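Colleague: I have a model open and would like to learn how to read it. Could you walk me through some features, one at a time?
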Amino acid sequence: MNRLKIAAGNWKMNKNFGEGLALTQALVAGSEDTGNLMILGTPYIHLQTVGGLISNSNHIKLAAQNCHQNLKGAYTGEISISMLQSVGVEYVILGHSERRQYFDEGNALLAEKVNTVLEGGLLPIFCCGEALPIREAGTHVEFVAKQLKESLFHLSAEDFSKIVIAYEPIWAIGTGVTASPAQAQEMHQAIRALLAEKYGNEIADATSILYGGSVKPANAKDLFSQPDVDGGLVGGASLKPDDFIAIYNSF
Ligand code: PGA
């Protein structure tokens, strides 16, 4: 399978300006182009500087962690897609469970954001994933399918082919509890089957599906070796250069 393998870091609300600079410099110095992608999802204030630091590294790309659904206007405190585009951002993380939970982002709003990101010529990293009670009830596959259908399945095949999916079970995020490779594979396979049903095998096979939730150097290899796991969306371990480089080298 020749789909992109990706280690994407999500710094969340961590690292002041100087710390972000130091982290990026360490990642640039310590990683080599293996043919796989490293994506840095930084807070807004870092984007321009990090973009400059990685501009000579083919394998490192820049992501924002959010953007506003409207193109411009009176939305105090918000950031638009053209602002992101103007500083060299290529990817935008959308629908992270923390945004769903703390900022009330639902499937319909996320569908709007997906459209805005694509219209701006950027690439969404679309997050999905269930909370623990849903997994315990055994309805996790249906739950994730609904998230994908309601936010993505209005897209044309051409637009859908630009999407990266990140499956992040909420019970595994920041908890130190990782989904087992078998649990990740089960969901990723189900997601790919759903994509095949809607968009056909070719697009389903070409879509990168990342796993997120306590990915660490110690578990990355096992997770990434699953046939439908194409990399990770990494929070805590992306803040430590050695750990994140080890994860990037785990394919
Ligand atoms: P974690 O976060 O790696 O710290 O669990 C993952 C995420 O929220 O993307």
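Modeller: Gladly, and keep in mind that this is a predicted model. Let us begin with a strand.

Colleague: Which way do the side chains of strand 6 point, and are they buried or exposed?

Modeller: The general idea comes before the case. In a regular strand, side chains alternate between the two faces of the sheet. Strand 6 covers residues 164–167; Val164 and Ala166 point one way, Ile165 and Tyr167 point the other way, and all are buried.

Colleague: Which strands pair with strand 6, and in what sense?

Modeller: Strand 5, residues 123–128, pairs with strand 6 in the parallel sense, over four bridges. Strand 7, residues 209–212, also pairs with strand 6 in the parallel sense, here over three bridges. To find these pairings on screen, look for Phe126, which stands opposite Ile165, and for Leu210 in strand 7, the bridge partner of Ala166.

Colleague: What follows strand 6? I see Glu168 there. Where is its place?

Modeller: Glu168 sits in the loop between strand 6 and helix 9.

Colleague: What about Lys12 itself? What is its phi?

Modeller: Most residues other than glycine have a negative phi, and most peptide bonds are trans. Lys12 is not a glycine, yet its phi is positive, about 55 degrees. You will find Lys12 in the loop between strand 1 (6–10) and helix 1 (17–30). Ser214 is another non-glycine residue with a positive phi of about 55 degrees. Ser214 belongs to the loop between strand 7 and helix 11 (217–224), and it counts as buried because its relative accessibility is 9%.

Colleague: How many salt bridges are there, then?

Modeller: The count comes to twelve salt bridges. Among them is the one between Arg135 and Glu130, whose closest N and O atoms are 2.8 Å apart. Arg135 and Glu130 are both buried.

Colleague: Which parts of the chain does the salt bridge of Arg192 and Asp228 tie together?

Modeller: The closest N and O atoms of Arg192 and Asp228 are 2.5 Å apart. Arg192 lies in helix 9 and Asp228 in the loop between helix 11 and strand 8 (231–234), so this pair ties together parts that are 36 residues apart in sequence. With 6% relative accessibility, Arg192 counts as buried, and at 10% Asp228 counts as buried too. Through shared partners, salt bridges join Arg3, Lys5, Arg192, Asp228 and Asp230 into one network.

Colleague: What does the charged end of Arg99 sit over?

Modeller: It sits over the ring of Phe103, 4.0 Å from the ring centre. The side chain of Arg99 also meets that of Glu105 in a salt bridge of 2.9 Å, N to O. Glu105 counts as buried, at 5% relative accessibility.

Colleague: And aromatic rings: how many pairs does the structure hold?

Modeller: A pair of aromatic rings is described by the distance of the centres and the angle of the planes. This structure holds five aromatic pairs. For Phe153 and Phe160 the centres are 6.4 Å apart and the planes stand at 80 degrees, so the pair is edge-to-face. Phe153 counts as buried at 13% relative accessibility, and Phe160 is buried with a relative accessible area of 0%.

Colleague: Why is the pair of Phe160 and Tyr199 described as stacked?

Modeller: Their planes are at 15 degrees, with the centres 4.4 Å apart, so the pair is stacked. This pair links distant parts of the chain, with Phe160 in helix 8 (residues 157–160) and Tyr199 in helix 9 (residues 181–199), 39 residues apart. Ring pairs link Phe153, Phe160 and Tyr199 into a cluster. Tyr199 has a charged neighbour as well: Lys198 lies over its face, at 5.7 Å from the ring centre.

Technical notes: Residues numbered from 1 in each chain as written. Predicted model: local features only at pLDDT ≥ 70, side-chain atom pairs only at ≥ 80, totals over all residues. Heavy atoms only, no water. Phe/Tyr/Trp six-rings, centres within 6.5 Å; stacked < 30°, edge-to-face > 60°. Buried < 20%, exposed > 50% of the residue type's maximum accessible area, 1.4 Å probe, protein only. Helix = DSSP H or I, 4+ residues; strand = E, 2+ residues; numbered from the N terminus. Lys NZ or Arg CZ within 6 Å of the ring centre and 35° of its normal. Pairing = 2+ DSSP bridges. Salt bridge = Lys/Arg side-chain N within 4 Å of Asp/Glu carboxyl O.
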